[in-house]
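I am opening a notebook on a structure that is new to me. I will look things up one at a time and write down what I find.

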Amino acid sequence: MTTPPHHEPPAPRDLVGIGIGPFNLSLAALAHPLAELDTAFYEQRPGFDWHPGLLIDGATLQVPFLADLVTLADPASPWSFLNYLKSCDRLFPFYFAERFHIQRAEYDAYCRWVSGNLPELHFGHQVDAVRWNAADQVFEVDYTRLGKDGAGEALGRTRTRNIVLGVGTEPYVPEPLRPLVEAPGTPVIHAAEYLRHRTAFLAADHITVVGAGQSGAEVFLDLLRHRPVGRERIHWLARTEAFAPMEYSKLGLEHFTPDYTRYFHALAEPVRDGLVSAQWQLHKGIDADTIAAIHDELYRRTLQGGWPDAVLTPGVHVRTAGRAATSGIELHLEHVQQNTRSRLATDAVVLATGYRERPLGRILAGLEHRLSRDGSGRPRIDDRFRLVLDRAVTGSVYVQNAELHTHGVGTPDLGLAAWRSATILNSLTGKEPYPLPRRTAFTTFGLRQPGLIPPTRRPMDLTPLGDGR
């Protein structure tokens with residue numbers, strides 16, 4: 001049973017964060033040295049926990065280590081990845097390792113180090129409601145403090161002038177497979193749960209992986225490496241027309257710059273919607289090293305003659321699925337280009353079917369009548385990452401990783417975390433505690449971007465070297 005509500009001191013905070021994933025952790029780290037700000041961040045989980053089911057041994061981030069929580073906004077911050085290494089006495093080993101892309105497990109450990117040292121973070125606190133108090137011109141945030149068992153222990157309320165939502169995404173399961181995922185004891189899981197079920201799945205006679213993004217590739221590779229040669233018995237299915245590499249050319253990566261984000265935000269809504277779906281290979285493909293590792297492992301298994309018992313089929317989607325016999329799973333497949341259908345019997349299924357933005361309806365129910373929405377019913381978000389509210393609300397509600405429809409493919413990218421956090425803090429303070437670059441890409445996106453192209457530099461006048469006389 002929860003105790004009566006605990007009301008925090010009457011003076012409102014400057015900012016309350018809801019959710020503590022990498023993006024709000026970045027914001028908390030950059031806000032920490034700003035003495036003029038009173039901030040608090042709430043998270044219902046008992047501690048920082050970043051995709052634990054996908055911390056597969058050897059799996060790396062798809063962004064360089066410079067895309068940590070703070071460096072691209074404040075390279076001198078004490079919360080940088082390099083300072084984390086220094087605190088662990090691992091700076092020289094990292095220097096000699098010459099690794100630009102770090103392992104996911106190391107990024108998770110770095111974030112846990114930061115989260116363990118910021119007093120503004122409050123884990124085990126579930127936010128229940130947010131509303132605008134018009135009389136006092138503040139937001140009221142109701143929360144429940146949770147015990148170690150996850151049960152509510154006490155109710156609380158804090159008041160704040162501004163809010164930032166960083167509740168992240170949730171695993172997406174296609175409709176035909178939801179009954180199987182939800183059925184107790186059925187060996188069908190989302191990849192987010194992979195490591196927890198890995199031992200049991202490796203013991204299955206036949207395994208199917210659905211989904212051809214980075215997670216699907218990593219799960220397939222891990223399963224392949226741990227199955228007997230000649231008895232792999234793995235299917236890998238994908239809706240995409242190929243097991244396609246992620247766009248990772250240097251100019252292609254400029255889609256993950258502030259320049260492109262600003263350009264995208266200024267486009268018309270129908271144009272933005274078309275671009276998001278068309279640009280899937282910028283952020284949903286497979287990195288080239290993982291593709292190479294899969295091919296190398298498959299090739300290694302041909303050295304003694306024969307082909308591995310692994311089937312990789314793109315261009316396929318699952319129409320329906322159900323239980324077969326006592327413990328098996330039957331997938332009904334359709335190949336779009338061939339216009340053919342077939343059935344696949346399998347013993348276990350891993351769904352690497354991606355993530356979707358977590359619905360904000362429950363948290364924002366108290367603000368629903370104040371929200372401005374676009375033609376598709378989605379919240380409008382301005383260029384400073386604020387929900388567009390009616391003018392009677394003087395405070396701001398910022399969002400992180402909920403603006404794909406307004407800010408484009410860089411929304412979930414870790415490389416833009418520090419820049420977005422700095423943008424929010426600059427907006428919040430009305431000053432510029434974190435000066436940001438005016439230009440970040442060699443590409444000029446569009447014909448109308450005034451002020452972003454600096455004048456051509458004049459070549460330096462070189463003084464010729466003397467001949468010694």
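Which residues does Thr169 touch, not counting residues up to four places away in sequence? I found Tyr355, Arg356, Glu357, Arg358 and Asn401. Contact here means heavy atoms within 4.5 Å.

Before going on, I noted that this is a predicted model, that local features need pLDDT of at least 70 and side-chain atom pairs pLDDT 80 or more, and that totals for chains, interfaces and linings use all residues. Residues are numbered from 1 along each chain as its sequence is written, and side-chain values use heavy atoms, with hydrogens and water left out.

**Entry: Thr169**

I placed Thr169 in strand 9, residues 169-171. Helices (H or I, at least four residues) and strands (E, at least two) are DSSP runs, numbered from the N terminus. Thr169 counts as partly exposed, at 26% relative accessibility. The scale I use is buried under 20% relative accessible area, exposed over 50% and partly exposed in between, with a 1.4 Å probe and protein chains only. I also checked Thr169 against Thr257, 88 residues away in sequence. Their C-alpha atoms are 22 Å apart.

**Entry: helix 1 and helix 4**

Two packed helices are described by the angle between their axes and the distance between the axes. I looked up helix 1 (residues 22-31) and helix 4 (residues 104-115). Their axes come within 11 Å and cross at roughly 45°. Axes are lines fitted to C-alpha atoms, for helices over the stretch in contact, and angles run from 0 to 180 degrees between N-to-C directions. Helix 1 and helix 4 are therefore oblique to each other. The classes are roughly parallel under 35 degrees, roughly antiparallel over 145, roughly perpendicular from 65 to 115, and oblique for the rest.

The crossing of helix 1 past helix 4 is left-handed. That means the near helix is turned anticlockwise from the far one by less than a right angle; clockwise would be right-handed. Helix 1 brings Pro22, Leu25 and Ala29 to the contact, and helix 4 brings Tyr107, Cys111, Val114 and Ser115. I sorted the contact of helix 1 with helix 4 by class: 6 nonpolar, 1 polar and no charged residues. Nonpolar covers Ala, Val, Leu, Ile, Met, Phe, Trp, Tyr, Cys and Pro; charged covers Asp, Glu, Lys and Arg; the others, Gly among them, are polar.

**Entry: Leu121**

Leu121 sits in strand 4, residues 121-123. I read 10% relative accessibility, so Leu121 counts as buried. Leaving out residues up to four places away in sequence, Leu121 touches Ile20, Leu25, Ala28, Phe41 and Ser115. Tyr42 is 79 residues from Leu121 along the chain, yet their C-alpha atoms are separated by 6.3 Å.

**Entry: helix 6 and helix 7**

Helix 6 (residues 194-202) packs with helix 7 at an angle of about 35°, their axes 11 Å apart. This crossing is right-handed. Tyr194, Arg198 and Leu202 of helix 6 meet Val219, Asp222 and Leu223 of helix 7. The classes here are 4 nonpolar, no polar and 2 charged residues.

I stayed on helix 7 for Glu218. Is Glu218 buried or exposed? Glu218 counts as buried, at 7% relative accessibility. Beyond its neighbours within four places in sequence, Glu218 is in contact with Ile56, Ala59, Thr60, Arg104 and Thr290.

**Entry: salt bridges**

How many salt bridges does the structure hold? I found 31. Each is a side-chain nitrogen of Lys or Arg within 4 Å of a carboxyl oxygen of Asp or Glu.

Glu232 pairs with Arg301, their closest N and O atoms 2.9 Å apart. Glu232 lies in the loop between helix 7 (214-225) and strand 12 (234-237), and Arg301 in the loop between helix 11 (288-300) and strand 13 (310-313), so the pair ties together parts that are 69 residues apart in sequence. Both Glu232 and Arg301 are buried.

I then turned to Arg343 and Glu330, with closest N and O atoms 3.8 Å apart in their salt bridge. Arg343 is exposed, at 62% relative accessible area. Glu330 counts as partly exposed, at 23%.

Last, I noted a network of salt bridges that links Arg131, Asp136, Glu140, Asp142, Arg157 and Arg159.
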